[in-house]
Amino acid sequence: MKKLTVKLKFDITVARVVNIRFGMQLKVLFWLAICLLGACTPVAEQTSQLDTIYQRDSLRVGLLHGPTSYFIGVDGPAGFEYELAQTLAQRLDVELQLFPSYHLDELLQKLDTGQVDFIAGGLTLTSQRLSRYRAAPAYRWINELLVFRQGDEWPRSLDDITEPIVVIQDSSHAQTLDRLSIDHPNLRWQEQKDLDADDVLQLVVNGDIPYTLTDSNQLAINRRFYPNLSIGFTVSENLPVAWLLAANNDDSLLTVLIEFFGNIYQSGELITLEDRYFGHVSQFDYVDTLQYIDAINHTLPDYKDLFIQYAGELDWRLLAALAYQESHWDPKARSPTGVRGLMMLTLPTAKQMGVSSRLEPEQSIRGGSRYLHRLVSRIPERIAMPDRLWFALASYNIGWGHVEDARILTQRQGADPDTWLEVKQRLPLLRQKAVYQHTRFGYARGDEAVTYVENIRRYYDTLIWTDEKQQAEQRLEQQRLKLTEQFSPGTAAAAPKSDIKQ
(Lines give C-alpha, C1' and ligand atoms only; values in the text may rest on other atoms or scores of the structure.)
Protein backbone atom coordinates (compact mmCIF):
# COMPACT_ATOMS: atom_id res chain seq x y z
CA MET A 1 0.00 0.00 0.00
CA LYS A 2 1.37 3.35 -0.99
CA LYS A 3 2.42 5.46 1.95
CA LEU A 4 0.62 8.73 2.40
CA THR A 5 2.60 11.81 3.31
CA VAL A 6 0.82 14.35 5.50
CA LYS A 7 1.91 17.93 5.06
CA LEU A 8 1.06 20.13 8.01
CA LYS A 9 1.19 23.85 7.41
CA PHE A 10 1.96 25.97 10.45
CA ASP A 11 0.27 29.09 9.12
CA ILE A 12 -1.53 31.88 10.92
CA THR A 13 -4.81 29.95 11.10
CA VAL A 14 -3.21 27.07 12.97
CA ALA A 15 -1.35 29.49 15.21
CA ARG A 16 -4.58 31.21 16.20
CA VAL A 17 -6.27 27.92 17.00
CA VAL A 18 -3.33 26.83 19.14
CA ASN A 19 -3.53 30.09 21.06
CA ILE A 20 -7.20 29.93 22.00
CA ARG A 21 -7.65 29.40 25.68
CA PHE A 22 -9.43 26.07 25.70
CA GLY A 23 -6.65 24.07 27.35
CA MET A 24 -4.19 21.48 26.12
CA GLN A 25 -6.90 18.94 25.36
CA LEU A 26 -8.34 21.05 22.55
CA LYS A 27 -4.88 21.62 21.05
CA VAL A 28 -4.26 17.88 20.91
CA LEU A 29 -7.71 17.20 19.44
CA PHE A 30 -7.17 19.88 16.81
CA TRP A 31 -3.82 18.50 15.65
CA LEU A 32 -5.23 14.97 15.57
CA ALA A 33 -8.13 16.23 13.46
CA ILE A 34 -5.69 17.78 10.98
CA CYS A 35 -3.65 14.58 10.82
CA LEU A 36 -6.73 12.44 10.22
CA LEU A 37 -7.99 14.85 7.58
CA GLY A 38 -4.63 14.80 5.84
CA ALA A 39 -4.49 10.99 5.94
CA CYS A 40 -7.92 10.71 4.38
CA THR A 41 -7.37 13.30 1.65
CA PRO A 42 -3.77 13.21 0.50
CA VAL A 43 -4.35 14.84 -2.86
CA ALA A 44 -6.49 17.92 -2.18
CA GLU A 45 -6.27 19.97 0.96
CA GLN A 46 -9.68 20.81 2.47
CA THR A 47 -10.58 23.90 4.46
CA SER A 48 -12.37 23.08 7.69
CA GLN A 49 -15.26 25.10 9.06
CA LEU A 50 -13.06 26.40 11.85
CA ASP A 51 -10.44 27.50 9.29
CA THR A 52 -13.16 29.35 7.39
CA ILE A 53 -14.30 31.13 10.55
CA TYR A 54 -10.77 32.35 11.20
CA GLN A 55 -10.16 33.34 7.58
CA ARG A 56 -13.24 35.56 7.53
CA ASP A 57 -12.51 36.63 11.15
CA SER A 58 -16.15 36.23 12.19
CA LEU A 59 -18.51 33.75 13.78
CA ARG A 60 -21.89 33.75 12.03
CA VAL A 61 -24.72 32.84 14.40
CA GLY A 62 -28.41 32.46 13.70
CA LEU A 63 -30.48 33.72 16.65
CA LEU A 64 -34.18 33.48 17.37
CA HIS A 65 -35.79 36.67 18.62
CA GLY A 66 -37.37 36.27 22.05
CA PRO A 67 -36.88 36.93 25.78
CA THR A 68 -35.11 33.61 26.33
CA SER A 69 -32.69 33.97 23.40
CA TYR A 70 -32.08 37.41 21.90
CA PHE A 71 -33.64 40.85 22.21
CA ILE A 72 -32.70 44.51 22.17
CA GLY A 73 -32.45 45.62 25.78
CA VAL A 74 -31.81 48.92 27.51
CA ASP A 75 -28.10 48.83 26.66
CA GLY A 76 -28.35 47.13 23.27
CA PRO A 77 -28.40 43.45 22.25
CA ALA A 78 -29.03 41.04 25.11
CA GLY A 79 -30.32 37.56 25.83
CA PHE A 80 -29.09 34.26 27.19
CA GLU A 81 -28.24 32.76 23.78
CA TYR A 82 -26.70 36.02 22.58
CA GLU A 83 -24.33 36.21 25.54
CA LEU A 84 -23.36 32.56 25.14
CA ALA A 85 -22.50 33.14 21.47
CA GLN A 86 -20.67 36.35 22.35
CA THR A 87 -18.55 34.48 24.91
CA LEU A 88 -17.63 31.86 22.30
CA ALA A 89 -16.63 34.53 19.78
CA GLN A 90 -14.42 36.17 22.38
CA ARG A 91 -12.72 32.85 23.13
CA LEU A 92 -12.07 32.35 19.45
CA ASP A 93 -10.93 35.98 19.13
CA VAL A 94 -13.23 36.68 16.19
CA GLU A 95 -16.11 39.06 15.58
CA LEU A 96 -19.67 37.94 16.33
CA GLN A 97 -21.91 38.36 13.29
CA LEU A 98 -25.60 38.04 14.11
CA PHE A 99 -28.37 36.71 11.88
CA PRO A 100 -31.50 37.22 13.99
CA SER A 101 -34.92 36.07 12.86
CA TYR A 102 -38.43 35.58 14.22
CA HIS A 103 -38.84 32.37 12.23
CA LEU A 104 -36.95 29.13 12.75
CA ASP A 105 -37.48 27.93 9.19
CA GLU A 106 -35.60 30.99 7.91
CA LEU A 107 -32.66 30.20 10.18
CA LEU A 108 -32.68 26.52 9.19
CA GLN A 109 -32.47 27.57 5.55
CA LYS A 110 -29.45 29.73 6.35
CA LEU A 111 -27.87 26.79 8.14
CA ASP A 112 -28.54 24.48 5.20
CA THR A 113 -26.93 26.93 2.76
CA GLY A 114 -23.95 27.71 4.98
CA GLN A 115 -24.89 31.32 5.69
CA VAL A 116 -24.60 30.71 9.45
CA ASP A 117 -22.21 28.47 11.36
CA PHE A 118 -24.86 27.32 13.84
CA ILE A 119 -28.25 28.27 15.29
CA ALA A 120 -28.52 29.41 18.90
CA GLY A 121 -32.20 29.70 19.68
CA GLY A 122 -32.89 27.70 22.80
CA LEU A 123 -33.94 24.82 20.57
CA THR A 124 -35.20 21.58 22.05
CA LEU A 125 -33.52 18.51 20.59
CA THR A 126 -36.13 16.31 18.93
CA SER A 127 -35.69 13.15 16.89
CA GLN A 128 -36.77 15.01 13.74
CA ARG A 129 -34.16 17.72 14.24
CA LEU A 130 -31.40 15.26 15.06
CA SER A 131 -32.20 13.35 11.88
CA ARG A 132 -31.35 16.46 9.83
CA TYR A 133 -28.75 18.28 11.92
CA ARG A 134 -25.99 17.77 14.44
CA ALA A 135 -26.16 19.21 17.94
CA ALA A 136 -23.64 20.78 20.26
CA PRO A 137 -23.64 19.57 23.88
CA ALA A 138 -26.91 20.21 25.71
CA TYR A 139 -26.61 23.10 28.16
CA ARG A 140 -30.18 23.34 29.50
CA TRP A 141 -33.12 21.03 30.14
CA ILE A 142 -36.74 22.18 29.96
CA ASN A 143 -40.25 20.81 30.36
CA GLU A 144 -42.99 21.22 27.78
CA LEU A 145 -46.20 22.45 29.39
CA LEU A 146 -49.78 22.77 28.23
CA VAL A 147 -51.10 26.19 29.27
CA PHE A 148 -54.55 27.73 29.32
CA ARG A 149 -56.16 30.94 30.56
CA GLN A 150 -56.79 31.33 34.29
CA GLY A 151 -60.50 30.89 34.98
CA ASP A 152 -61.19 28.54 32.07
CA GLU A 153 -61.83 24.85 32.67
CA TRP A 154 -58.66 23.16 33.86
CA PRO A 155 -57.43 20.41 31.50
CA ARG A 156 -55.52 17.81 33.51
CA SER A 157 -54.54 15.44 30.69
CA LEU A 158 -54.67 15.13 26.91
CA ASP A 159 -57.99 13.33 27.29
CA ASP A 160 -59.52 16.58 28.62
CA ILE A 161 -58.54 18.57 25.51
CA THR A 162 -61.71 19.38 23.58
CA GLU A 163 -60.39 21.94 21.06
CA PRO A 164 -57.31 22.14 18.85
CA ILE A 165 -54.00 23.09 20.49
CA VAL A 166 -52.35 25.99 18.66
CA VAL A 167 -48.57 25.81 18.23
CA ILE A 168 -45.93 27.34 15.96
CA GLN A 169 -45.34 25.62 12.65
CA ASP A 170 -42.39 23.19 12.58
CA SER A 171 -41.68 23.86 16.27
CA SER A 172 -40.63 21.22 18.77
CA HIS A 173 -44.15 21.49 20.19
CA ALA A 174 -45.67 20.54 16.84
CA GLN A 175 -43.33 17.56 16.67
CA THR A 176 -44.30 16.57 20.21
CA LEU A 177 -48.00 16.61 19.32
CA ASP A 178 -47.32 14.56 16.21
CA ARG A 179 -45.58 11.97 18.37
CA LEU A 180 -48.36 11.95 20.98
CA SER A 181 -51.06 11.54 18.34
CA ILE A 182 -49.96 7.92 17.88
CA ASP A 183 -51.37 7.07 21.32
CA HIS A 184 -54.06 9.78 21.20
CA PRO A 185 -55.69 9.54 17.76
CA ASN A 186 -58.34 12.15 18.67
CA LEU A 187 -55.70 14.79 19.47
CA ARG A 188 -56.03 17.87 17.25
CA TRP A 189 -53.70 20.82 16.77
CA GLN A 190 -53.14 23.79 14.47
CA GLU A 191 -49.74 25.08 13.35
CA GLN A 192 -49.30 28.83 12.84
CA LYS A 193 -46.40 30.13 10.75
CA ASP A 194 -46.50 33.89 11.36
CA LEU A 195 -46.46 33.78 15.17
CA ASP A 196 -43.70 33.47 17.73
CA ALA A 197 -43.83 31.92 21.20
CA ASP A 198 -44.86 35.18 22.88
CA ASP A 199 -47.62 35.79 20.31
CA VAL A 200 -49.20 32.40 20.99
CA LEU A 201 -49.17 32.98 24.75
CA GLN A 202 -50.82 36.36 24.24
CA LEU A 203 -53.59 34.68 22.24
CA VAL A 204 -54.23 32.35 25.16
CA VAL A 205 -54.39 35.28 27.60
CA ASN A 206 -56.80 37.15 25.29
CA GLY A 207 -59.05 34.10 25.05
CA ASP A 208 -58.56 33.82 21.27
CA ILE A 209 -57.27 30.26 21.56
CA PRO A 210 -57.89 27.74 24.37
CA TYR A 211 -54.52 26.01 24.66
CA THR A 212 -50.92 25.99 23.54
CA LEU A 213 -47.67 24.25 24.45
CA THR A 214 -44.76 26.23 25.82
CA ASP A 215 -41.37 25.59 27.38
CA SER A 216 -41.00 25.97 31.14
CA ASN A 217 -38.42 28.76 30.89
CA GLN A 218 -40.56 30.61 28.35
CA LEU A 219 -43.55 30.45 30.67
CA ALA A 220 -41.55 31.58 33.71
CA ILE A 221 -40.57 34.77 31.90
CA ASN A 222 -43.97 35.51 30.37
CA ARG A 223 -45.99 34.98 33.54
CA ARG A 224 -44.49 38.23 34.85
CA PHE A 225 -46.37 39.99 32.05
CA TYR A 226 -49.33 37.64 31.68
CA PRO A 227 -50.17 36.33 35.16
CA ASN A 228 -53.38 34.75 33.84
CA LEU A 229 -51.42 32.01 32.10
CA SER A 230 -52.00 28.76 33.98
CA ILE A 231 -50.36 25.36 33.70
CA GLY A 232 -52.66 22.49 32.78
CA PHE A 233 -50.14 19.66 32.94
CA THR A 234 -46.62 18.68 31.92
CA VAL A 235 -46.48 17.15 28.45
CA SER A 236 -42.77 16.23 28.29
CA GLU A 237 -40.04 16.38 30.93
CA ASN A 238 -36.28 17.03 30.96
CA LEU A 239 -35.84 17.76 27.27
CA PRO A 240 -32.31 18.82 26.24
CA VAL A 241 -31.68 22.22 24.66
CA ALA A 242 -28.67 22.77 22.39
CA TRP A 243 -27.26 24.62 19.38
CA LEU A 244 -27.78 23.13 15.92
CA LEU A 245 -25.03 22.60 13.35
CA ALA A 246 -25.19 21.42 9.75
CA ALA A 247 -24.98 17.67 9.17
CA ASN A 248 -21.58 17.02 7.60
CA ASN A 249 -18.30 15.25 8.32
CA ASP A 250 -16.49 18.40 9.50
CA ASP A 251 -15.91 18.09 13.24
CA SER A 252 -13.68 21.16 13.68
CA LEU A 253 -16.36 23.51 15.08
CA LEU A 254 -18.15 20.74 16.98
CA THR A 255 -14.88 19.90 18.74
CA VAL A 256 -14.52 23.52 19.82
CA LEU A 257 -18.11 23.61 21.08
CA ILE A 258 -17.63 20.45 23.16
CA GLU A 259 -14.62 22.03 24.82
CA PHE A 260 -16.35 25.40 25.18
CA PHE A 261 -19.41 24.10 27.00
CA GLY A 262 -17.27 21.85 29.16
CA ASN A 263 -15.14 24.81 30.23
CA ILE A 264 -17.96 27.25 31.01
CA TYR A 265 -19.81 24.57 32.95
CA GLN A 266 -16.77 23.71 35.07
CA SER A 267 -15.88 27.37 35.64
CA GLY A 268 -19.42 28.27 36.72
CA GLU A 269 -19.87 30.81 33.90
CA LEU A 270 -22.86 28.92 32.50
CA ILE A 271 -24.66 28.79 35.85
CA THR A 272 -23.94 32.48 36.44
CA LEU A 273 -25.39 33.39 33.07
CA GLU A 274 -28.49 31.29 33.73
CA ASP A 275 -28.98 33.05 37.05
CA ARG A 276 -28.69 36.44 35.36
CA TYR A 277 -31.56 35.72 32.98
CA PHE A 278 -33.66 33.11 34.75
CA GLY A 279 -32.63 32.93 38.41
CA HIS A 280 -35.12 35.55 39.57
CA VAL A 281 -38.17 34.22 37.68
CA SER A 282 -38.39 30.76 39.22
CA GLN A 283 -40.87 31.95 41.86
CA PHE A 284 -44.29 33.17 40.71
CA ASP A 285 -46.93 34.91 42.82
CA TYR A 286 -50.20 35.24 40.90
CA VAL A 287 -51.84 37.80 43.21
CA ASP A 288 -48.71 39.94 43.59
CA THR A 289 -48.18 40.04 39.82
CA LEU A 290 -51.77 41.13 39.20
CA GLN A 291 -51.49 43.86 41.83
CA TYR A 292 -48.20 45.09 40.39
CA ILE A 293 -49.51 45.37 36.83
CA ASP A 294 -52.57 47.23 38.15
CA ALA A 295 -50.29 49.60 40.08
CA ILE A 296 -48.21 50.27 36.95
CA ASN A 297 -51.35 51.40 35.15
CA HIS A 298 -53.03 53.38 37.94
CA THR A 299 -50.47 54.43 40.58
CA LEU A 300 -47.12 54.78 38.83
CA PRO A 301 -48.23 57.68 36.56
CA ASP A 302 -48.43 59.90 39.67
CA TYR A 303 -44.71 59.43 40.39
CA LYS A 304 -43.17 58.47 37.04
CA ASP A 305 -41.81 61.94 36.28
CA LEU A 306 -40.13 62.08 39.68
CA PHE A 307 -38.44 58.71 39.14
CA ILE A 308 -37.19 59.94 35.76
CA GLN A 309 -36.00 63.25 37.23
CA TYR A 310 -33.99 61.75 40.09
CA ALA A 311 -32.79 58.46 38.55
CA GLY A 312 -29.38 59.94 37.81
CA GLU A 313 -27.09 57.35 36.23
CA LEU A 314 -29.57 54.57 36.93
CA ASP A 315 -32.56 53.46 34.87
CA TRP A 316 -35.64 55.20 36.28
CA ARG A 317 -37.52 51.92 35.99
CA LEU A 318 -35.08 50.25 38.38
CA LEU A 319 -35.61 53.06 40.89
CA ALA A 320 -39.37 52.64 40.49
CA ALA A 321 -39.09 48.87 40.96
CA LEU A 322 -37.11 49.43 44.16
CA ALA A 323 -39.77 51.84 45.42
CA TYR A 324 -42.53 49.34 44.70
CA GLN A 325 -40.71 46.63 46.64
CA GLU A 326 -40.32 49.05 49.52
CA SER A 327 -43.74 50.70 49.70
CA HIS A 328 -45.93 49.54 46.80
CA TRP A 329 -45.72 53.23 45.77
CA ASP A 330 -47.54 54.35 48.90
CA PRO A 331 -46.07 57.72 50.02
CA LYS A 332 -47.43 57.20 53.55
CA ALA A 333 -46.15 53.66 53.99
CA ARG A 334 -44.64 52.80 57.35
CA SER A 335 -43.01 49.65 58.70
CA PRO A 336 -42.87 48.39 62.31
CA THR A 337 -39.16 49.29 62.38
CA GLY A 338 -39.89 52.97 61.66
CA VAL A 339 -38.86 53.34 58.02
CA ARG A 340 -41.32 55.51 56.10
CA GLY A 341 -42.35 56.90 52.72
CA LEU A 342 -42.14 55.80 49.11
CA MET A 343 -38.50 54.77 49.47
CA MET A 344 -38.88 53.61 53.10
CA LEU A 345 -35.91 55.54 54.46
CA THR A 346 -34.77 55.29 58.05
CA LEU A 347 -34.62 58.58 59.92
CA PRO A 348 -30.76 58.66 60.05
CA THR A 349 -30.51 57.85 56.33
CA ALA A 350 -33.08 60.52 55.49
CA LYS A 351 -31.05 63.15 57.38
CA GLN A 352 -27.84 62.08 55.62
CA MET A 353 -29.56 62.42 52.24
CA GLY A 354 -31.01 65.84 53.04
CA VAL A 355 -34.61 64.67 53.39
CA SER A 356 -36.65 66.75 55.83
CA SER A 357 -39.97 64.95 55.21
CA ARG A 358 -39.94 61.25 54.39
CA LEU A 359 -43.66 61.40 53.56
CA GLU A 360 -43.19 63.95 50.78
CA PRO A 361 -42.89 61.89 47.55
CA GLU A 362 -40.34 64.07 45.78
CA GLN A 363 -38.02 64.27 48.77
CA SER A 364 -38.33 60.54 49.39
CA ILE A 365 -37.53 59.62 45.80
CA ARG A 366 -34.63 62.07 45.65
CA GLY A 367 -33.22 60.76 48.93
CA GLY A 368 -33.69 57.11 48.00
CA SER A 369 -31.92 57.64 44.69
CA ARG A 370 -29.01 59.41 46.36
CA TYR A 371 -28.68 56.60 48.88
CA LEU A 372 -28.73 53.90 46.19
CA HIS A 373 -26.09 55.78 44.17
CA ARG A 374 -23.92 55.99 47.29
CA LEU A 375 -24.26 52.24 47.82
CA VAL A 376 -23.33 51.53 44.21
CA SER A 377 -20.23 53.69 44.60
CA ARG A 378 -19.17 51.65 47.64
CA ILE A 379 -19.15 48.37 45.71
CA PRO A 380 -15.62 47.50 44.50
CA GLU A 381 -15.16 48.74 40.94
CA ARG A 382 -13.83 45.37 39.79
CA ILE A 383 -17.34 43.92 40.23
CA ALA A 384 -19.13 44.20 36.90
CA MET A 385 -22.73 45.06 36.22
CA PRO A 386 -25.33 43.79 36.87
CA ASP A 387 -23.84 42.02 39.93
CA ARG A 388 -22.64 45.38 41.20
CA LEU A 389 -26.23 46.60 41.16
CA TRP A 390 -27.61 43.51 42.91
CA PHE A 391 -25.08 43.95 45.71
CA ALA A 392 -26.16 47.58 46.09
CA LEU A 393 -29.83 46.58 46.29
CA ALA A 394 -29.07 43.96 48.93
CA SER A 395 -27.19 46.66 50.85
CA TYR A 396 -30.23 48.94 50.63
CA ASN A 397 -32.12 46.21 52.46
CA ILE A 398 -29.69 44.95 55.14
CA GLY A 399 -26.68 47.26 54.87
CA TRP A 400 -23.35 46.95 53.10
CA GLY A 401 -21.66 45.57 56.23
CA HIS A 402 -23.79 42.40 56.22
CA VAL A 403 -23.34 41.99 52.47
CA GLU A 404 -19.58 42.28 52.98
CA ASP A 405 -19.79 39.61 55.70
CA ALA A 406 -21.49 37.29 53.20
CA ARG A 407 -18.82 38.06 50.59
CA ILE A 408 -16.06 37.21 53.07
CA LEU A 409 -17.86 33.97 53.94
CA THR A 410 -18.15 33.19 50.22
CA GLN A 411 -14.42 33.70 49.75
CA ARG A 412 -13.61 31.50 52.74
CA GLN A 413 -15.63 28.71 51.17
CA GLY A 414 -13.61 28.92 47.96
CA ALA A 415 -16.26 30.63 45.81
CA ASP A 416 -16.19 33.96 43.98
CA PRO A 417 -17.21 36.83 46.30
CA ASP A 418 -17.69 39.16 43.34
CA THR A 419 -20.65 37.28 41.81
CA TRP A 420 -24.19 37.68 43.09
CA LEU A 421 -24.98 34.03 42.34
CA GLU A 422 -22.38 32.83 44.85
CA VAL A 423 -23.00 35.44 47.54
CA LYS A 424 -26.78 35.07 47.52
CA GLN A 425 -26.30 31.40 48.44
CA ARG A 426 -24.38 32.44 51.59
CA LEU A 427 -26.50 35.40 52.71
CA PRO A 428 -29.12 33.13 54.39
CA LEU A 429 -26.34 31.69 56.56
CA LEU A 430 -26.15 35.01 58.41
CA ARG A 431 -29.22 33.85 60.38
CA GLN A 432 -27.25 30.96 61.89
CA LYS A 433 -25.42 31.64 65.15
CA ALA A 434 -22.63 29.22 64.23
CA VAL A 435 -21.92 31.50 61.28
CA TYR A 436 -22.80 35.07 62.28
CA GLN A 437 -20.88 34.94 65.59
CA HIS A 438 -17.71 34.84 63.49
CA THR A 439 -18.66 37.82 61.28
CA ARG A 440 -17.95 41.49 61.87
CA PHE A 441 -21.55 42.73 61.76
CA GLY A 442 -23.29 39.68 63.22
CA TYR A 443 -26.85 38.49 62.70
CA ALA A 444 -28.83 39.50 59.59
CA ARG A 445 -31.93 38.32 57.74
CA GLY A 446 -29.87 37.43 54.71
CA ASP A 447 -32.56 35.23 53.20
CA GLU A 448 -34.93 38.21 53.14
CA ALA A 449 -32.29 40.27 51.34
CA VAL A 450 -32.06 37.62 48.63
CA THR A 451 -35.84 37.59 48.18
CA TYR A 452 -35.79 41.40 48.20
CA VAL A 453 -33.31 41.62 45.32
CA GLU A 454 -34.99 38.91 43.26
CA ASN A 455 -38.37 40.64 43.66
CA ILE A 456 -36.91 43.93 42.43
CA ARG A 457 -35.39 42.18 39.44
CA ARG A 458 -38.80 40.75 38.53
CA TYR A 459 -40.53 44.09 39.02
CA TYR A 460 -37.84 45.77 36.93
CA ASP A 461 -38.23 43.31 34.04
CA THR A 462 -42.00 43.67 34.07
CA LEU A 463 -41.79 47.46 34.11
CA ILE A 464 -39.33 47.50 31.20
CA TRP A 465 -41.67 45.31 29.17
CA THR A 466 -44.73 47.38 30.06
CA ASP A 467 -43.02 50.71 29.44
CA GLU A 468 -41.63 49.67 26.07
CA LYS A 469 -45.02 48.32 25.06
CA GLN A 470 -46.67 51.62 25.99
CA GLN A 471 -44.04 53.57 24.06
CA ALA A 472 -44.63 51.42 20.97
CA GLU A 473 -48.38 51.96 21.25
CA GLN A 474 -47.86 55.72 21.59
CA ARG A 475 -45.66 55.80 18.49
CA LEU A 476 -48.30 53.93 16.51
CA GLU A 477 -50.98 56.31 17.73
CA GLN A 478 -48.86 59.33 16.77
CA GLN A 479 -48.32 57.88 13.31
CA ARG A 480 -52.03 57.24 12.97
CA LEU A 481 -52.90 60.81 13.96
CA LYS A 482 -50.27 62.19 11.61
CA LEU A 483 -51.68 60.19 8.71
CA THR A 484 -55.22 61.20 9.65
CA GLU A 485 -54.27 64.88 9.62
CA GLN A 486 -52.32 64.50 6.39
CA PHE A 487 -55.15 62.91 4.45
CA SER A 488 -58.18 64.45 6.12
CA PRO A 489 -60.58 66.47 3.91
CA GLY A 490 -59.54 70.06 3.37
CA THR A 491 -55.82 69.58 3.86
CA ALA A 492 -53.34 70.39 1.13
CA ALA A 493 -52.10 66.83 1.04
CA ALA A 494 -55.59 65.48 0.55
CA ALA A 495 -56.56 67.92 -2.24
CA PRO A 496 -55.99 66.41 -5.69
CA LYS A 497 -53.83 68.37 -8.10
CA SER A 498 -55.53 69.63 -11.27
CA ASP A 499 -54.03 68.84 -14.66
CA ILE A 500 -55.93 71.77 -16.25
CA LYS A 501 -53.67 74.69 -17.01
CA GLN A 502 -55.18 78.13 -16.42
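The legends below accompany an overview and several close-up views of one predicted protein model.

**Figure 1. Overview of the predicted protein chain.** Residues are numbered from 1 along each chain as its sequence is written, and side-chain values use heavy atoms, with hydrogens and water left out. Because this is a predicted model, local features need a pLDDT of at least 70 and side-chain atom pairs count only at pLDDT 80 or more, whereas totals for chains, interfaces and linings use all residues. The secondary structure of the chain comes to 21 helices and 11 strands, where helices (H or I, at least four residues) and strands (E, at least two) are DSSP runs numbered from the N terminus. Of the 502 residues in the chain, 49% are buried; buried means under 20% relative accessible area, exposed means over 50%, and partly exposed lies in between (1.4 Å probe, protein chains only). The accessible surface comes to about 26300 Å², and 49% of this area belongs to carbon and sulfur atoms; such areas come from the Shrake-Rupley method with a 1.4 Å probe, and for residues only the protein chains shown count as cover. Among contacts (heavy atoms within 4.5 Å) between residues at least 6 apart in sequence, 69% join residues at least 24 apart.

Figure 2. Rolling a probe the size of a water molecule over the atoms shows where empty space is left. A search of the whole structure finds 2 cavities of 30 Å³ or more, and the largest cavity has a volume of about 60 Å³. On a 1 Å grid over the protein atoms alone, a cavity is a set of points where a 1.4 Å probe fits but cannot get out, and lining residues have an atom within 4 Å of a point; grid points are joined across faces, edges and corners, and a volume is the space filled by probe spheres set on the points. The lining of the largest cavity consists of Thr-272, Asp-275, Arg-276, Pro-386, Asp-387, Trp-390, Trp-420, Leu-421 and Arg-457. At least two of the lining residues come from each of helix H11 (269-278), helix H17 (387-398) and helix H19 (420-426), and H11 gives the most, with 3 residues. By class, the lining has 4 nonpolar, 1 polar and 4 charged residues, counting Ala, Val, Leu, Ile, Met, Phe, Trp, Tyr, Cys and Pro as nonpolar, Asp, Glu, Lys and Arg as charged, and the others, Gly among them, as polar.

**Figure 3. Two residues of the cavity lining, Arg-457 and Pro-386.** Arg-457 is found in helix H21 (residues 446-487) and counts as buried because its relative accessibility is 2%. Leaving aside residues up to four places away in sequence, Arg-457 touches Asp-275, Arg-276, Tyr-277, His-280, Trp-390 and Trp-420. The C-alpha atoms of Arg-457 and Gly-279 are separated by 9.7 Å, although these residues are 178 residues apart along the chain. Pro-386 is placed in the loop between helix H16 (361-378) and H17, and a cis peptide bond, with omega about 5°, joins Met-385 to Pro-386.

**Figure 4. Helices H4 and H14, with their buried residues.** Helix H4 (residues 80-92) has 13 residues and reaches 19 Å from its first C-alpha to its last, close to the 18 Å expected at 1.5 Å a residue; the expected span is 1.5 Å times one less than the number of residues. Because 10 of its 13 residues are buried, H4 is largely enclosed by the rest of the structure, and these buried residues include Phe-80, Tyr-82, Leu-84 and Leu-88. After H4 comes Asp-93, whose phi is positive, near 60°. Helix H14 (residues 316-327) has end C-alpha atoms 16 Å apart, which agrees with the 16 Å that its 12 residues should span. H14 is mostly covered, with 11 of its 12 residues buried, among them Trp-316, Arg-317, Tyr-324 and Glu-326.

Figure 5. With a relative accessible area of 33%, Asp-57 is partly exposed. Asp-170 counts as partly exposed, at 45% relative accessibility.

Terms used: On a 1 Å grid over the protein atoms alone, a cavity is a set of points where a 1.4 Å probe fits but cannot get out, and a pocket is an open set with protein on both sides within 12 Å along at least five of seven lines; lining residues have an atom within 4 Å of a point.
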